[in-house]
There are 2 protein chains.
Amino acid sequence: MADYQHILLAVDFSDEDTYVARKAERLATFFNAKLSVIHILDNIPMPDTAYGTEIPLYSDSPYELLEIEKNKLIHTANQLTIDPTNLWLIWGKPEIEIIRIANREDIDLIVVGSHGRHGLALLLGSTASSVLHHAQCDVLAVRLQDEWAESTIFAYS
Amino acid sequence: MADYQHILLAVDFSDEDTYVARKAERLATFFNAKLSVIHILDNIPMPDTAYGTEIPLYSDSPYELLEIEKNKLIHTANQLTIDPTNLWLIWGKPEIEIIRIANREDIDLIVVGSHGRHGLALLLGSTASSVLHHAQCDVLAVRLQDEWAESTIFAYS
């Protein structure tokens with residue numbers, strides 16, 4: 001088989017990100033692949049920036065919510081054991097934007113956490129499932145425990 | 001992360017099986033994991049055997065269709081570069097039986113081919129998608145080209 005050359009780790013800033021990231025890192029190390037990280041902003045209003053929906057990470061913006069999300073992504077990247085090739089913070093629908101970037105950047109494996117059909121997935125929609133349906137590349141769905149999803153409910157309530 | 005210890009390769013006896021198998025083998029080698037292979041019989045009437053829905057591979061049966069399917073699975077196994085720990089030939093619905101065996105056998109990664117939402121998937125139902133929804137473990141969906149799916153139509157017509 002052609003080994004994976006560019007792996008895209010999709011994070012959602014939940015407690016499970018580290019667990020999913022470890023799997024992506026392990027595969028990137030094994031295949032000597034590039035590792036990039038994407039987070040889709042689907043929980044804040046579209047930021048009124050001059051940059052469109054791809055948010056530049058290393059320039060200040062006047063939007064506090066955006067600054068918080070940028071710092072989260074940078075924090076996530078800093079926790080990786082290998083330097084990510086790209087960090088993308090993009091406003092939009094996760095299943096659409098992840099696929100768009102994957103196609104544009106010649107990603108050959110997307111790694112994404114999956115809650116299965118139970119728990120939060122039914123409420124929030126399943127990103128893993130939508131990505132799987134639309135991806136033109138391989139998708140590794142990393143199974144998360146629904147207990148974690150349920151604890152997220154309490155964390156946000 | 002805890003490395004994968006037992007990988008389940010789901011095959012459907014299509015032309016793409018080898019492509020999917022190579023990815024499963026590569027991962028099994030890297031993780032030093034056991035590799036097992038499953039094929040679900042969903043295209044023949046339930047065989048009237050004394051064994052239930054799990055078909056024994058190495059005893060003769062009077063059912064010619066079953067013999068053909070058994071030989072296909074053994075042929076697939078012989079093409080692997082590492083010896084599979086288990087071969088399962090099971091009658092039933094793929095998404096149910098794959099999950100049942102995965103749970104019973106402590107599988108931690110299921111590798112399955114995926115046609116995405118286009119092409120044959122809409123006609124045949126998407127095993128990858130159903131497995132993803134129900135699996136209690138990780139799922140690697142190996143993206144197949146829809147051209148292959150279409151060529152399968154001609155091969156069977």
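Colleague: Is B:Glu97 buried or exposed, and what is its relative accessible area?
Modeller: The model is predicted, so local features need pLDDT of at least 70, side-chain atom pairs count only at pLDDT 80 or more, and totals for chains, interfaces and linings use all residues, while side-chain values rest on heavy atoms, with hydrogens and water left out. Residues are numbered from 1 along each chain as its sequence is written, with chains lettered from A and ligands numbered from 1 in the order in which they are written. Buried means under 20% relative accessible area, exposed means over 50%, and partly exposed lies in between, with a 1.4 Å probe and protein chains only. B:Glu97 is therefore buried, its relative accessible area being 11%.

Colleague: Which residue forms a salt bridge with B:Glu97?
Modeller: A salt bridge here is a side-chain nitrogen of Lys or Arg within 4 Å of a carboxyl oxygen of Asp or Glu, and for this pair the closest N and O atoms are 2.8 Å apart. Both residues lie in helix α3 of chain B, three residues apart, about one turn of the helix; helices (H or I, at least four residues) and strands (E, at least two) are DSSP runs numbered from the N terminus. With a relative accessible area of 32%, the partner is partly exposed, and the partner is B:Arg100.

Colleague: How many residues apart in sequence are the parts that B:Glu54 and B:Arg104 tie together?
Modeller: B:Glu54 and B:Arg104 form a salt bridge whose closest N and O atoms are 2.7 Å apart. B:Glu54 counts as partly exposed at 24% relative accessibility, and B:Arg104 is partly exposed as well, at 43%. Because B:Glu54 lies in the loop between β2 and α2 (64–79) of chain B, whereas B:Arg104 belongs to helix α3 (residues 94–104) of chain B, the separation of the joined parts is 50 residues.

Colleague: What is the order of the strands in the open sheet?
Modeller: Strands count as paired if DSSP finds at least two bridges between them, and here ten strands form an open sheet with mixed pairing. The twist averages 25° from one strand to the next, and the edge strands, each pairing on one side only, are β3 (87–91) of chain A and β3 (87–91) of chain B. The order is β3(A)-β2(A)-β1(A)-β4(A)-β5(A)-β5(B)-β4(B)-β1(B)-β2(B)-β3(B).

Colleague: In β5(B), which residue is the bridge partner of B:Gly113?
Modeller: Within chain B, strand β1 (residues 6–11) runs parallel to β2 (residues 34–41), joined by six bridges, and β1(B) also pairs in the parallel sense with β4(B), over four bridges. Between those last two strands, B:Leu9 stands opposite B:Val111. Six bridges then join β4(B) to β5(B), again running parallel, and there the partner of B:Gly113 is B:Val142.

Colleague: About what angle does the direction of helix α1 of chain A make with that of β1(A)?
Modeller: Axes are lines fitted to C-alpha atoms, for helices over the stretch in contact, and angles run from 0 to 180 degrees between N-to-C directions, contact meaning heavy atoms within 4.5 Å. Helix α1 (residues 17–31) packs on the sheet, touching β1, β2, β4 and β5 of chain A as well as β5 of chain B. The angle with β1(A) is about 180°.

Colleague: In chain A, which residue has the C-alpha nearest the axis?
Modeller: With copies superposed by least squares on the C-alpha atoms of residues with pLDDT of at least 70 in both, chain A can be laid on chain B by a turn of 180° and a shift of 0.0 Å along the axis, the RMSD being 0.0 Å. That is the relation of a two-fold axis, and because 100% of the interface residues of chain A are also interface residues in chain B, the copies meet through the same surface. The C-alpha in question lies 2.2 Å from the axis and belongs to A:Leu140.

Colleague: How many residues does the largest nonpolar core hold?
Modeller: A nonpolar core is a set of buried Ala, Val, Leu, Ile, Met, Phe, Trp, Tyr and Cys residues joined through side-chain atoms within 4.5 Å. In the largest one, A:Ile7, A:Leu9, A:Leu140, B:Ile7, B:Leu9 and B:Leu140 touch the most other members. A:Leu140 has contacts in both chains, including A:Leu27, B:Tyr4 and B:Leu140. The number of residues in this core is 58.

Note on methods
Lists of a residue's contacts leave out its neighbours within four places in sequence.
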